[in-house]
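Dear colleague,

Please find the structure below, handed over for your records. My notes on it follow.

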Amino acid sequence: MSLSKIRAATTEDSPSIATVYNHYILHSHSTFEVDPIDSEEMGKRIEKVQQEYNLPWLVLEVDDQLIGYAYATIWKPRQAYRNTVEVSIYLATESSGKGLGNELYQTLIDELKSKNIHAILAGISLPNDSSIKFHERLGFQKVGQLREVGLKFDRWIDVGYWELIFS
């Protein structure tokens with residue numbers, strides 16, 4: 001039986017997080033970054049989210065191996081948006097589709113509730129049926145779609161937005 005653990009990310013996790021993320025940069029349109037990032041850059045991103053924005057960045061370990069991460073970041077810098085965040089989740093490809101992300105994302109959502117967040121946004125590059133189903137199972141609803149806003153792998157990509165509002 002595998003033992004899983006969710007915890008706050010540290011900069012020491014940066015190499016493993018960068019490895020997970022770089023796969024998506026190179027092989028999918030799930031992120032619009034096109035060049036892999038190194039662990040130093042990933043460490044800076046983690047610190048910014050946790051220290052400057054005071055938002056969670058979580059990792060999921062299975063049998064002491066980091067297999068995924070999820071985090072929230074500010075949606076827009078204007079003060080009136082202070083209770084709205086955008087979330088992301090990435091799992092190692094061999095761990096995707098096994099239900100491992102549900103607990104990780106739910107933990108992130110619960111932490112955001114405790115931080116007086118009112119609205120959570122998830123941008124999903126389309127098509128991406130598995131991500132849509134994943135978010136909708138957790139209560140997110142589609143609120144809009146931007147057409148052809150990203151150019152990656154020589155094609156234009158739409159981005160849909162799903163939202164979860166806490167009452």
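Is Val 149 buried, partly exposed or exposed? Val 149 is partly exposed, its relative accessible area being 46%; buried stands for under 20% relative accessible area, exposed for over 50%, and partly exposed for what lies in between (1.4 Å probe, protein chains only).

The model is a predicted one, in which local features need pLDDT of at least 70 and side-chain atom pairs count only at pLDDT 80 or more, while totals for chains, interfaces and linings use all residues. Residues are numbered from 1 along each chain as its sequence is written, and side-chain values use heavy atoms, with hydrogens and water left out.

Val 149 belongs to strand 6 (residues 141-152); helices (H or I, at least four residues) and strands (E, at least two) are DSSP runs numbered from the N terminus. Together with Phe 32 and Leu 146, Val 149 forms a nonpolar patch on the surface, with about 250 Å² of accessible area in total. Such patches consist of residues with over 30% relative accessible area and no salt bridge, where like charges are joined within 9 Å and nonpolar side chains (Val, Leu, Ile, Met, Phe, Trp, Tyr) within 5 Å. Accessible areas come from the Shrake-Rupley method with a 1.4 Å probe, and for residues only the protein chains shown count as cover.

**Backbone geometry**

Most residues other than glycine have a negative phi, and most peptide bonds are trans. Glu 148, also in strand 6, has a positive phi near 50 degrees and is partly exposed at 43% relative accessible area. Phe 153, in the loop between strand 6 and strand 7 (155-165), has a positive phi near 55 degrees and is partly exposed at 45%. The peptide bond from Leu 126 to Pro 127 is cis, with omega near 5 degrees. Pro 127 sits in the loop between strand 5 (119-126) and helix 4 (129-137).

Strand 3 (residues 65-74) is largely enclosed by the rest of the structure, because 7 of its 10 residues are buried. On one side of the pairing, strand 3 runs antiparallel to strand 2 (residues 57-62), with 6 bridges joining them; two strands pair if DSSP finds at least two bridges between them. Leu 60 stands opposite Gly 68 in this pairing. Strands 2 and 3 form a hairpin with 2 residues between them, and Asp 63 in the turn has a positive phi of about 50 degrees. Strand 3 is also joined by 7 bridges to strand 4 (residues 84-91), again antiparallel, and here Ala 70 stands opposite Ile 89.

**The nonpolar core**

Which residues of the largest nonpolar core touch the most other members? Of its 46 residues, these are Tyr 69, Val 87, Tyr 105, Ile 120 and Phe 140. A nonpolar core is a set of buried Ala, Val, Leu, Ile, Met, Phe, Trp, Tyr and Cys residues joined through side-chain atoms within 4.5 Å. Neighbours within four places in sequence aside, the contacts of Ile 120 (heavy atoms within 4.5 Å) include Val 85, Val 87, Leu 112, Phe 140 and Trp 162. Tyr 69 lies 9.8 Å from Ser 16, C-alpha to C-alpha, with 53 residues separating the two in sequence. Ser 16 is in helix 1 (residues 14-27) and is partly exposed at 35% relative accessibility.

**Salt bridges**

The whole structure contains 6 salt bridges, each defined as a side-chain nitrogen of Lys or Arg within 4 Å of a carboxyl oxygen of Asp or Glu. One of them joins Arg 45 to Glu 33 at 2.7 Å, N to O. This pair links distant parts of the chain, 12 residues apart: Arg 45 is in helix 2 (residues 39-52) and Glu 33 in the loop between helix 1 and helix 2. Both are partly exposed, Arg 45 at 25% relative accessibility and Glu 33 at 23%.

Arg 45 also forms a salt bridge with Glu 41, the closest N and O atoms being 2.9 Å apart. Glu 41 and Arg 45 are separated by about one helical turn, because they are 4 residues apart in helix 2. Glu 40 and Lys 44 form a further salt bridge, with 3.7 Å between the closest N and O atoms; Glu 40 is exposed at 54%, whereas Lys 44 is partly exposed at 49%. Finally, Lys 5, Arg 7, Asp 13 and Glu 61 are linked in a network of salt bridges.

With kind regards
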